[in-house]
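Here's a quick briefing to read alongside the model. Have the sequence and the 3D view open as you go.

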Amino acid sequence: MYKILVVDDEPKIREVIREYAEFSGYEVTEAEDGMSAVGLCKLNDYDLIIMDIMMPKLDGYSACKEIKKIKDVPIIMLSARGEEYDKLFGFELGIDDYVVKPFSPKELMARVNAVLSRRNSSAKPAQDVLKFKGLEINIAARTVTVDGKKVDLTPKEYELLFYLVQNRNIALSRDKLLSDIWGYDFFGDDRTIDTHIKNLRNNLGPYRDFIVTLRGVGYKFEFED
């Protein structure tokens, strides 16, 4: 379970973020100012930090500087100001994303998912070819073969398959698949995922059952090594 630190001097904002984050399966710790956040990071490890900029004792930018000295942890900044300078300054400090208040909690969670997905993917050692019985995925060539025969997948079908395989045996909700593969700017619905899954299964032929439907949840790629 990913651990998230939420830093904001407004209790109501922390409460809303906690509610959505815990619903998404994250473990949440709260801090009311930058000084407390730095102290918590010295004592604990977090997978991601959501931090406001304007706070008492120590502002978000200063807290970010201090945290980056001791931990390489992704940070999403929150701010009531959306000026380009503020965003650029934040990115120069090494933040991963910048969200302007007022924000949609659902969009914030999509950004959290995207940041963690990028970090998780870059941290995994790459293999040239992934094999699941007669199904082979050549990562470098971005090709898929079924029993030695190449199958033609669209770019999104390939991304969907590769994402499912990377997270094999893990239940993935439709919302998570949409946000991590299509991105949080995508305007669509669950049918987009279902249509691509259907096409992907047709292309996998005898190995279509590797993609399991989880009713009311989403999908997972099921394969025991």
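A residue is called buried under 20% relative accessible area, exposed over 50%, and partly exposed in between, using a 1.4 Å probe and protein chains only. What you're looking at is a predicted model: local features need pLDDT of at least 70, side-chain atom pairs count only at pLDDT 80 or more, and totals for chains, interfaces and linings use all residues. Numbering starts from 1 along each chain as its sequence is written, and side-chain values use heavy atoms, with hydrogens and water left out. Helices (H or I, at least four residues) and strands (E, at least two) are DSSP runs numbered from the N terminus.

**Nonpolar cores**

- A nonpolar core here is a set of buried Ala, Val, Leu, Ile, Met, Phe, Trp, Tyr and Cys residues joined through side-chain atoms within 4.5 Å.
- The largest one has 29 residues, and Phe132, Leu135, Leu164, Leu177 and Phe221 have the most contacts inside it.
- At least two residues of this core come from each of β6 (129-132), β7 (135-138), β8 (143-146), α6 (155-166), α7 (174-182), α8 (190-204) and β12 (218-221).
- Helix α6 gives the largest share of this core, with seven residues.
- Take Leu164: leaving aside residues up to four places away in sequence, Leu164 touches Leu172, Leu177, Ile197, Leu200, Ile211, Lys220 and Phe221, where contact means heavy atoms within 4.5 Å.
- There's also a second, separate core of 22 residues, which includes Met51, Leu93, Ile95 and Tyr98.

**Aromatic pairs**

- Rings of Phe, Tyr and Trp (its six-membered ring) pair if their centres lie within 6.5 Å; planes under 30 degrees apart count as stacked, over 60 as edge-to-face and the rest as tilted.
- By this rule the count comes to eight aromatic pairs.
- Tyr61 and Phe89 make an edge-to-face pair, at 4.8 Å centre to centre with 85° between the planes.
- Tyr61 sits in helix α3 and Phe89 in helix α4 (residues 84-92), so this pair ties together parts 28 residues apart in sequence.
- Tyr61 counts as buried at 11% relative accessibility, while Phe89, at 24%, counts as partly exposed.
- Phe210 and Phe221 are edge-to-face too, with 5.6 Å centre to centre and 65° between the planes.
- That pair links distant parts of the chain, eleven residues apart: Phe210 is in the loop between α8 and β11 (211-214), and Phe221 is in strand β12.
- Phe210 is buried at 10% relative accessibility, and Phe221 is buried at 0% relative accessible area.
- One aromatic cluster is made up of Phe132, Tyr207, Phe210, Phe221 and Phe223.

**Helix packing**

- Helix α2 (residues 34-43) packs on helix α3 (residues 60-70) at about 10°, with the axes 9 Å apart.
- Axes are lines fitted to C-alpha atoms, for helices over the stretch in contact, and angles run from 0 to 180 degrees between N-to-C directions.
- The two helices, α2 and α3, are therefore roughly parallel, a label for angles under 35 degrees.
- Gly34, Ala37, Val38, Cys41 and Lys42 of α2 meet Ala63, Glu66, Ile67 and Ile70 of α3.

- Lys101 and Pro102 are joined by a cis peptide bond, with omega about -10°; Pro102 is in the loop between β5 (97-100) and α5 (105-123).
- Lys133 has a positive phi near 60° without being a glycine, and Lys133 is exposed at 65% relative accessibility.
- Asn169, also not a glycine, has a positive phi of about 70° and counts as partly exposed at 32% relative accessibility.

Methods:
Parallel < 35°, antiparallel > 145°, perpendicular 65-115°, else oblique.
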